[in-house]
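Trainee: Could you help me learn to read a protein model, one feature at a time?
Mentor: Gladly; let us open it together.

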Amino acid sequence: MTARDEILAAVRRALADAEPTHAQVSRAYRDTPPPPDPVALFVERAAEYRAHVVRCAEADVPAIVAAAVGPTARVLLPPGFPYPVAGQVDTGETATRLDDFDAVVTTAALAIATTGTLVLDHGPGQGRRALTLVPDTHLCLVRADQVVADVPAAVAALDPARPQTWISGPSATSDIELTRVEGVHGPRTLHILVIDPA
Amino acid sequence: MSGTFLGMPPFPVAARAALADTQLRHNLAHATGTIRAKRADVVAEVDNWEELRVAGAAIKDNALRSLDATLLRLEKSLQDNGVTVHWARDAAEACSIVAAVALSHGVDEVVKVKSMATQEIGLNEALAEHGVAAWETDLAELIVQLGDDLPSHILVPAIHRNRAEIREVFRDRMAGAGKAAPDGLSDEPADLAAAARAHLREKFLRAKVAVSGANFAVAETGTLVVVESEGNGRMCLTLPEVLVSVVGIEKVVPTWTDLDVFFQLLPRSSTGERMNPYTSTWSGVAPGDGPREMHVVLLDNGRTRVLADEVGRQTLRCIRCSACLNVCPVYERTGGHAYGSVYPGPIGAILNPLMKGVGDDAQTDSLPYASTLCGACFEVCPVRIDIPEVLVHLRSRVVDAHRPGPPSAEALAMRAAGWVFGRARRLGAVERAAGLLSRALRGRRSLRWLPWPGSLWTGARDLPVPPRRAFRRLRSERR
Ligand code: SF4
């Protein structure tokens, strides 16, 4: 017998006495009332992870990005990035080459208010996963209308076929005496720009 | 990791050594206390926490109840996504599958994401035998690996080490494994983390093959999920060309939307955060993004044995959050090593005997007794595993496994207690006798020593002096 057949047979033997009927899963947890101001809550909670969060108008994006990365930074942009920001568009560099960039600027698929989370599904404007991982600073732009209330709303809106990265603050560890240190392997600095409608 | 849990002494022996280590006890009390408080805060702000726990338990139960069909669905979805699926009956089989993949790409090293399953099967040692070095990339795992040490906590495996010890490990050992620690390395956590970043970045950028586990595997979509903090997981899942994920068969959940429960339960229970810094999900190979070749090893290694145990099968719901460790009064005092397994604490006390079976090994058989049955673990468990119920069940199985033969002192004591508690009149008589004893011991609050066989109990514990009047007597007097 193959390992597959043997494991499946062992599973069936183990369950011989078990109730065949399935329990009803109550989804009442999805019915929580949304927060009164999801965008304000997102800003507050993302900042608690020590991300730098600002709300701004679309017209201010280039200036805010330029100020955040500094004049000498080598800035990487994903293909399809929709805002007029100075930087070099990714053409599929190797990871070692990505390591030469100081910062990357991207959009996001959505943001979650109650947890202060950004979700990237790595479509146009967000880039392949390595782009937002190797450079030490990540600037992420999210429109106010992309902020959803909570985790169930986010999971329902996202497409599982796409690779996803859920980001809640900069990379962090508490492995040494439980002292929180920002930035181990992922970007050590995370800027979030929430763009309010004009 | 050259350390091994094999041949560990039974829990009481190992625990006695750990109890004598005051530094360890101090670190543990600080760590568990801190995480416990953070968890309590972020759980309290979720109004529907109990609904989430009930849903989490039900989703896992449903997946387990039809595990054969759920696994076949998962296999099909993975294959449709371009993933090669392997099945492994035991640790040796799983290790040789991973080794074969690594060797087929001609590599002599792999980078690893922290994963309980790969620790359980001893993958690093097995790969070393094939001449393949497995680099741990989680900071705590790196500390453990470089120090030839053993992990002591699921979430913070190096919790038994302080910053000065970690600096020593980095200074002495990093050079032998790759990029050396910088000169003048301080013992500031930020400096130590920066040294780890530099040391590992070199490995991430050149690695061809990565090995991961998965926190969840979605049957419907063939999606795997890794939940982490540092970004080392993202590095391993994204930069190498080949990815092998070792996934316990109990990690499967039926649908993508079921994750909306676990993405709430896990981070809050585990690190006490509203959300962990990074969660990665992927459904097979994504063109132009990440690894081009993917393998999944579906691992049994004792899990079907757990499934066959009517009371114990709820243990397979476990999402390895480690909340039960942080509330356990026994774990807080003994630490993880005393459990002699990669799964310590209350979950380890039930999972190890269930996976390995009882009656063969004194170390495993001692684990169901490593508990006071206080029930704190059940209270915090996000998937409502009734750990005390399983512990009691396993104790009876251990006792049964050792029959025939003279009953043990504990079996006799329990039998005597059963006889006393079984009849109100007998209990009353014992309580009156205890009250008299209490008067004789005027002023003492606890007994540090009892004559044999009571010494078996007081050897490691103080016994409170019985009250002068029993609760039952007071109650009947006040009626
Ligand atoms: S038994 Fe429950 S509390 Fe303990 S690690 Fe598993 S899921 Fe967490």
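**Reading the model, feature by feature**

Mentor: Helix H19 of chain B, residues 387-401, has 15 residues and reaches 21 Å from its first C-alpha to its last, close to the 21 Å expected at 1.5 Å a residue. Helices (H or I, at least four residues) and strands (E, at least two) are DSSP runs, numbered from the N terminus, and the expected span of a helix is 1.5 Å times one less than its number of residues. Before we go on, note that this is a predicted model, in which local features need pLDDT of at least 70, side-chain atom pairs count only at pLDDT 80 or more, and totals for chains, interfaces and linings use all residues. Residues are numbered from 1 along each chain as its sequence is written, chains are lettered from A and ligands numbered from 1 in the order in which they are written, and side-chain values use heavy atoms, with hydrogens and water left out.

Trainee: Which residues of H19(B) are buried?
Mentor: Buried means under 20% relative accessible area, exposed over 50%, and partly exposed in between (1.4 Å probe, protein chains only). In H19(B), the buried residues are Ile387(B), Pro388(B), Val390(B), Leu391(B), His393(B), Leu394(B), Arg395(B) and Val398(B).

Trainee: What surrounds the ligand?
Mentor: A residue is near a molecule if one of its heavy atoms lies within 4 Å of it. Ile387(B) is one of the residues around the ligand, and others include Cys318(B), Arg320(B), Cys321(B), Cys324(B) and Cys381(B). Ala, Val, Leu, Ile, Met, Phe, Trp, Tyr, Cys and Pro count as nonpolar, Asp, Glu, Lys and Arg as charged, and the others, Gly among them, as polar. By that scheme the shell has 10 nonpolar residues, one polar and one charged.

Trainee: Where does Arg320(B) lie?
Mentor: Arg320(B) is in the loop between H13 and H14 of chain B. Its phi is positive, about 55°, although Arg320(B) is not a glycine. With 13% relative accessibility, Arg320(B) counts as buried. Asn301(B) also has a positive phi, near 45°, in a residue other than glycine. Asn301(B) sits in the loop between strand E10 (293-299) and helix H13 (303-307) of chain B, and at 18% relative accessibility it counts as buried.

Trainee: How should I read a pair of aromatic rings?
Mentor: Such a pair is described by the distance of the centres and the angle of the planes. Rings of Phe, Tyr and Trp (its six-membered ring) pair if their centres lie within 6.5 Å; planes under 30 degrees apart count as stacked, over 60 as edge-to-face and the rest as tilted. Over all chains, the whole structure holds five aromatic pairs. The rings of Trp166(A) and Phe263(B) have centres 4.9 Å apart and planes at 75°, so this pair is edge-to-face. The pair crosses between chains, from strand E9 (residues 164-167) of chain A to helix H12 (residues 259-270) of chain B. Both Trp166(A) and Phe263(B) are buried. Elsewhere, Phe11(B), Tyr331(B) and Tyr339(B) form one aromatic cluster.

Trainee: Why is helix H8 of chain B described as largely enclosed?
Mentor: Eight of the eight residues of H8(B), residues 139-146, are buried, so the helix is largely enclosed by the rest of the structure. Contact means heavy atoms within 4.5 Å. The cover over the buried residues of H8(B) includes strand E10 (172-173) of chain A, together with H6, H7, strand E3, H9 and H10 of chain B.

Trainee: And what does Leu185(B) touch?
Mentor: Leu185(B) lies in the loop between helix H9 (163-177) and helix H10 (189-206) of chain B. Leaving aside neighbours within four places in sequence, Leu185(B) is in contact with Arg167(B), Phe170(B), Asp191(B), Leu192(B) and Ala195(B). At 6% relative accessibility, Leu185(B) counts as buried.

Trainee: Is Pro79(A) buried, partly exposed or exposed?
Mentor: Pro79(A) is partly exposed, with a relative accessible area of 42%. Pro79(A) lies in the loop between strands E2 (75-77) and E3 (88-89) of chain A. Pro79(A) and Pro124(A) are 45 residues apart in sequence, yet 6.2 Å apart in space, C-alpha to C-alpha.

Trainee: How many helices and strands does chain B have?
Mentor: Chain B has 23 helices and 12 strands, and 58% of its 479 residues count as buried.
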